[in-house]
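Here are some exercises to work through with the model open beside you. Try each task on your own before you read the solution.

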Amino acid sequence: MDITMIGAYVGMIFVLAAFSSESRGMISSRSSTYLVLMLIGESLLTLRAYITGEWPFAVLGGIWAFFAAYSILRPPI
């Protein structure tokens with residue numbers, strides 16, 4: 001198993017942890033915990049998809065990661 005596959009599994013665990021925690025009401029989808037988990041997870045999955053040439057998944061993951069980063073960095077309303 002190469003390093004990108006390990007990264008993809010770690011990314012998958014982060015995304016699933018964020019989603020399952022939010023779905024169970026443990027965290028909010030607007031919380032920094034959720035957003036950081038999604039940013040890291042989707043970035044790792046995007047990197048793997050990019051390296052393996054899986055462009056639809058790379059684009060989708062990149063968009064998810066972008067919006068997570070944007071939500072972390074934007075000033076509160």
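**Exercise 1. Start with I51: buried, partly exposed or exposed?**

Solution. At 48% relative accessibility, I51 counts as partly exposed, given that buried means under 20% relative accessible area, exposed over 50% and partly exposed in between (1.4 Å probe, protein chains only). Then look along the chain: D2 is 49 residues away from I51, and their C-alpha atoms are separated by 12 Å.

A word on the model before going on. It is predicted, so local features need pLDDT of at least 70, side-chain atom pairs count only at pLDDT 80 or more, and totals for chains, interfaces and linings use all residues. Residues are numbered from 1 along each chain as its sequence is written, and side-chain values use heavy atoms, with hydrogens and water left out.

**Exercise 2. Describe helix 1: how many residues does it have, and how far does it reach?**

Solution. Helix 1 covers residues 3-23, which makes 21 residues. Helices here are DSSP runs (H or I, at least four residues), numbered from the N terminus. From first C-alpha to last, helix 1 reaches 30 Å, close to the 30 Å expected at 1.5 Å a residue; that expected span is 1.5 Å times one less than the number of residues. Just past the end of helix 1, G25 takes a positive phi of about 80 degrees.

**Exercise 3. Which residues of helix 1 are buried, and what covers them?**

Solution. Go down the helix and you'll pick out T4, G7, A8, G11, V15, A18 and S21 as buried. Keep the helix geometry in mind: an α-helix has 3.6 residues a turn, so residues three or four places apart point the same way. The cover over these buried residues includes helix 2 (32-52).

Now zoom in on two of them.

- A18 has a relative accessible area of 0%, so it is buried. Leaving out residues up to four places away in sequence, A18 touches I27, Y34, L37 and M38, where contact means heavy atoms within 4.5 Å.
- S21 is buried too, with a relative accessible area of 17%. Beyond its neighbours within four places in sequence, S21 is in contact with M26 and I27.

**Exercise 4. Work out how helix 1 packs on helix 2: at what angle do the axes cross, and is the crossing left-handed or right-handed?**

Solution. The two axes come within 8 Å and cross at roughly 145 degrees. Axes are lines fitted to C-alpha atoms, for helices over the stretch in contact, and angles run from 0 to 180 degrees between N-to-C directions. The crossing of helix 1 and helix 2 is left-handed, that is, the near helix is turned anticlockwise from the far one by less than a right angle (clockwise would be right-handed). Helix 1 brings residues including M5, F14, V15 and A18 to the contact, and helix 2 brings, among them, Y34, L37, M38 and R48. Sorted by class, the contact of helix 1 with helix 2 has 15 nonpolar, 4 polar and 3 charged residues. For the sorting, Ala, Val, Leu, Ile, Met, Phe, Trp, Tyr, Cys and Pro count as nonpolar, Asp, Glu, Lys and Arg as charged, and the others, Gly among them, as polar.

**Exercise 5. Compare G61 and Y70: where does each lie?**

Solution. G61 lies in helix 3, and Y70 is placed in helix 3 (residues 55-73). G61 counts as buried at 3% relative accessibility, whereas Y70 is partly exposed at 47%. Setting aside neighbours within four places in sequence, G61 is in contact with E42 and T46.

Methods:
Helix = DSSP H or I, 4+ residues; strand = E, 2+ residues; numbered from the N terminus.
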